[in-house]
Every structure is written in structure tokens, then in C-alpha cells.
Amino acid sequence: MVQSDAAAAVMATRRITQETFDAVVRENTEEFDMEESEALKEAIEQFESQGVDLSYIVKAVPKVCSEENTEDQTHKVLQALESLKAAVASSSASVLEDLRVFTQQCSLGFAQRYLAAQKEAYPTILACCQRAAGEKEALSVALAALSALTDGQPDLLDVEGREFLIGALTAHQTDAALSCVCFRVVRHCCLKHENNRQGLVKSGVLPLLTASITRHIEHPEVVREACVALRVMTFDDDVRVPFGHAHEHAKMIALEHNGLKVIVEAAKAHPENTAVLSELCATLSRLAVRNEFCQDIVDLGGLTFMITLLADSLDRQELVKQVLSALKAIAGNDDVKDSIVNGGGAELIVMAMNRHMANAQVCEQGCAALCVLALRKPNNCKVIMECGGALAALQAMKTHPAEVSVQVKPSVRCLACISRCVYSKRLTLHLRFMHKPIELQEQEFL
């Protein structure tokens with residue numbers, strides 16, 4: 001059994017080149033007289049049956065490049081890249097249009113971006129960015145192409161690219177549109193790439209991000225993109241690096257660059273923008289890594305704002321999820337726990353869970369928030385019991401029996417904290433009846 005599982009794992013990681021895939025498609029059409037669509041479908045099924053990973057493969061039939069040369073067939077993204085390279089080499093006026101076409105092709109999917117990167121697209125796009133440094137329109141188009149290319153491919157960024165990004169952000173701080181595109185490139189290059197994060201932080205990207213939020217606070221898209229880029233700096237998602245600097249980056253943002261105040265003020269400036277508020281709350285969650293930071297958020301008016309926001313936005317599911325996550329994060333401070341409960345936070349959390357009981361993520365965040373509020377706080381446990389928190393957690397477990405994220409960690413811990421502080425015979429009976437199949441999982445986390 002172990003050997004067969006290992007063999008399956010090896011098969012699942014098998015890879016082929018784009019040329020190999022295209023050759024099979026061509027063979028199906030030329031030797032077996034299949035239609036293009038049938039030949040493509042047959043090739044996909046053939047490789048998938050062999051356990052080949054096709055996520056890196058453009059699953060399309062190559063097209064003729066020009067009427068003059070019908071033998072030369074390639075994919076549209078490579079045609080766009082070759083056209084761009086020719087335009088750059090000849091300093092043609094069509095460079096901007098070629099960049100737009102290339103960006104559009106890269107936006108179709110990861111396979112197109114990966115294929116372009118394999119054909120040396122990054123040096124070409126970076127050269128276009130450097131040439132356009134003094135022209136805002138051209139720079140915006142080139143940066144959009146760089147953003148599209150690096151989406152899912154952070155390894156492409158090199159030292160030269162990093163220096164260009166910092167230079168562009170510094171030189172165009174007052175330009176909201178250019179800053180927005182730059183932040184998107186930063187985000188793409190830092191997701192799942194610890195070395196890029198550390199390199200950009202050392203180069204000074206954090207003050208550029210926080211300052212831009214303040215400077216362009218009236219531009220929701222800039223605030224959102226800068227906030228997402230800040231949050232990515234606090235991720236620890238690169239499996240190739242044993243120890244990241246996520247915690248250190250969060251402390252730097254909060255202490256050295258006044259990040260908590262910047263984000264709270266930005267949230268107050270966009271009370272009706274769900275997308276911006278969701279990102280701001282998610283970022284606050286990542287920054288609440290120390291006891292004093294949680295209290296600082298309260299002192300800055302962040303807690304009052306979040307409680308009011310939750311009360312006014314119970315129907316906005318994504319925003320509710322992020323607010324619950326933020327409340328859970330700042331409740332790591334025992335004094336803040338009391339402030340949340342005294343401000344009606346426990347009741348609102350239960351209301352949010354009941355309103356979005358069908359959503360597993362809201363239930364998970366709600367149970368986790370109640371768990372943190374109840375931890376070491378008997379009086380808070382009583383409040384949570386009285387407002388129906390325990391029953392909401394039980395209902396979440398009933399509603400999502402297949403969701404481990406709801407069944408094991410947050411819900412069971414929440415109920416355990418409450419039951420230890422407030423004895424409830426009904427609650428105990430519910431727990432025993434519902435979770436005999438996962439007793440071992442409960443014992444692991446209790």
C-alpha cells in the first residue's frame with residue numbers, strides 16, 4: 001500500500017515540455033486525421049491518464065504565425081512575445097500595443113505566463129520598463145505586463161528588477177495609478193518568496209507602502225493594493241525557507257512605520273467600500289502579533305470601528321469573515337478580550353455566525369474568535385453562553401460535518417473553553433452525542 005501511494009505521488013509530479021505536448025497534438029491531427037479539438041482532447045486525456053501535471057501546459061492548438069510561413073506554428077502568447085521583441089529591437093512605435101497584447105495573453109492563465117517565461121520574456125519586459133522610466137503612460141503599460149508575467153512566478157524577479165521597482169516607487173510616489181501597478185508587481189513577486197520579501201524590505205519598500213496609503217488615502221484602489229502588499233510581507237508561505245521574517249516584518253510595519261495608525265485611519269476613510277475594508281481588516285490581523293499592538297489598535301479607535309462595522313455589515317459575507325479574523329487577532333490581549341465583550345462583540349459574532357451559517361469560513365473565524373474571548377475569562381464564557389455562542393458553535397459543527405477546519409480546531413476549542421468555565425449539562429450531552437467519530441481529534445486539541 002505504501003509503495004503504491006509513493007508511486008502515485010511520483011506519477012502526480014511528472015512533467016512534460018510544451019513541445020512534447022504540441023508534438024502529440026500535431027501527431028493526432030496529421031497521422032490519425034483528427035479534428036483539432038478532438039486531437040487536443042485526446043492529448044490531454046492521454047497525459048492525464050499517465051499522471052502528468054498539465055498545469056504548466058498551454059492546452060491549445062498552435063496557430064500559424066503568418067500567411068507567408070504556414071509551416072511555422074506557435075502559441076499566441078509566444079507570437080505576442082516575438083512581436084514585442086522585434087518592436088523593441090527596432091524601436092518601433094508599436095511597442096506599447098505589443099505590450100498590451102502580451103499582457104492580455106498572460107492574463108489568460110498561468111500556463112501562458114509560464115511558457116512566456118521559458119522563452120526569456122522577463123528580460124524583455126524589464127527592458128521595456130527601464131526604457132519607459134521617464135514616460136508615465138509607457139511605464140504604466142510596461143509595469144502592467146511585468147505584473148501579469150510575474151503572477152505566480154516570483155522567482156523571475158532579480159536584483160536588477162528589485163532595484164527598478166524601488167526606484168519607480170520612489171520616483172512616482174505622487175502618481176496614484178503608477179503606484180498602484182507597482183504595488184501589484186511587489187505583491188506578485190513576494191507571494192511564496194521569502195528572499196524577495198527580505199530583499200525588498202531591506203531596499204526600503206515598507207515606508208513607501210505606508211506613506212502611499214496616507215498620501216493617496218482618497219484612492220481606494222491604491223489603499224487596497226498597498227495594504228495587500230504590506231500583508232504579503234508578513235506571510236510565512238515559502239516552503240523552501242525554514243525560517244522566515246514574517247514576525248520581524250510585522251513589527252517593523254507597526255513600530256517603525258506607524259502601520260497600525262495608517263491602516264485604522266484608512267479604514268475610517270472608506271466606511272462603505274467592502275473590498276478595501278476587507279483588506280484593511282485582514283492586514284490588521286497580520287500585524288497584531290504582540291500584546292501591545294492589540295492594545296494600540298483599541299487605543300487608535302480600531303476596535304470601536306470594527307464593532308460598528310460588523311453591526312452595520314452583517315449581510316456582507318466576505319467583510320464579516322475578515323472582521324471576525326481581526327477581532328480574533330486583537331483578542332490575544334486579555335484586556336482587549338474584555339473590551340470586545342463589553343462592547344457587544346460576542347453577541348455580534350454569534351449573530352454573524354447565525355446569519356452566515358452556510359459558510360464554513362465564517363463559522364471557522366466566528367468559533368475561533370469566541371474561543372479566544374473565552375480563554376482564561378470565566379465572565380466572558382457566561383456572556384457567550386447567554387447570547388447563544390455555544391449553540392452557534394454546535395450548529396456550525398452540524399452544518400459542516402466534512403469541514404475539518406470547523407470540526408476540529410475552532411469549534412471544539414471554543415466549546416471546551418466554555419464548558420470548563422460554565423458547566424452545561426445540555427452542552428456536554430450535545431458534545432458526547434455529536435462527536436464520537438472524532439474523539440481522537442478532540443483529545444489532540446483539548
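Start with everything shown: among contacts (heavy atoms within 4.5 Å) in the protein chain between residues at least 6 apart in sequence, 71% join residues at least 24 apart. This is a predicted model, in which local features need pLDDT of at least 70 and side-chain atom pairs count only at pLDDT 80 or more, while totals for chains, interfaces and linings use all residues. Residues are numbered from 1 along each chain as its sequence is written, and side-chain values use heavy atoms, with hydrogens and water left out.

Colour by secondary structure and you have 28 helices and 2 strands; helices (H or I, at least four residues) and strands (E, at least two) are DSSP runs, numbered from the N terminus. Of the 446 residues, 51% count as buried, where buried means under 20% relative accessible area, exposed over 50% and partly exposed in between, with a 1.4 Å probe and protein chains only.

**First stop: H8 and H10**

Select residues 136–150 (H8) and 176–190 (H10); their axes come within 9 Å and cross at roughly 20 degrees. That makes H8 roughly parallel to H10. For the geometry, axes are lines fitted to C-alpha atoms, for helices over the stretch in contact, and angles run from 0 to 180 degrees between N-to-C directions. Angles under 35 degrees count as roughly parallel, over 145 as roughly antiparallel, 65 to 115 as roughly perpendicular and the rest as oblique.

Show the side chains in the contact: Lys 136, Leu 139, Ser 140, Leu 143, Ala 144, Leu 146, Ser 147 and Thr 150 come from H8, with Leu 178, Val 181, Cys 182, Arg 184, Val 185, His 188 and Cys 189 from H10.

Now centre on Ser 147, in helix H8. Is Ser 147 buried or exposed? Ser 147 counts as buried, at 5% relative accessibility. Leaving aside neighbours within four places in sequence, Ser 147 is in contact with Arg 184, Val 185 and His 188.

Then pick Ile 166, in helix H9 (residues 159–171). With 12% relative accessibility, Ile 166 counts as buried. Beyond neighbours within four places in sequence, Ile 166 is in contact with Leu 200, Ser 203, Val 205 and Leu 208. Try the distance tool: Ile 166 and Leu 200 are 34 residues apart in sequence and 7.8 Å apart in space, C-alpha to C-alpha.

**Then: H15**

Select residues 259–269, helix H15, where Gly 259, Leu 260, Val 262, Ile 263, Val 264, Ala 266 and Ala 267 are buried.

**Last stop: H21 and H24**

Finish with H21 (residues 345–355) and H24 (residues 389–399), which pack at an angle of about 25 degrees, with axes 10 Å apart. That makes H21 roughly parallel to H24. Zoom in where Val 350, Met 353 and Asn 354 in H21 meet Gly 389, Ala 392, Ala 393 and Ala 396 in H24.
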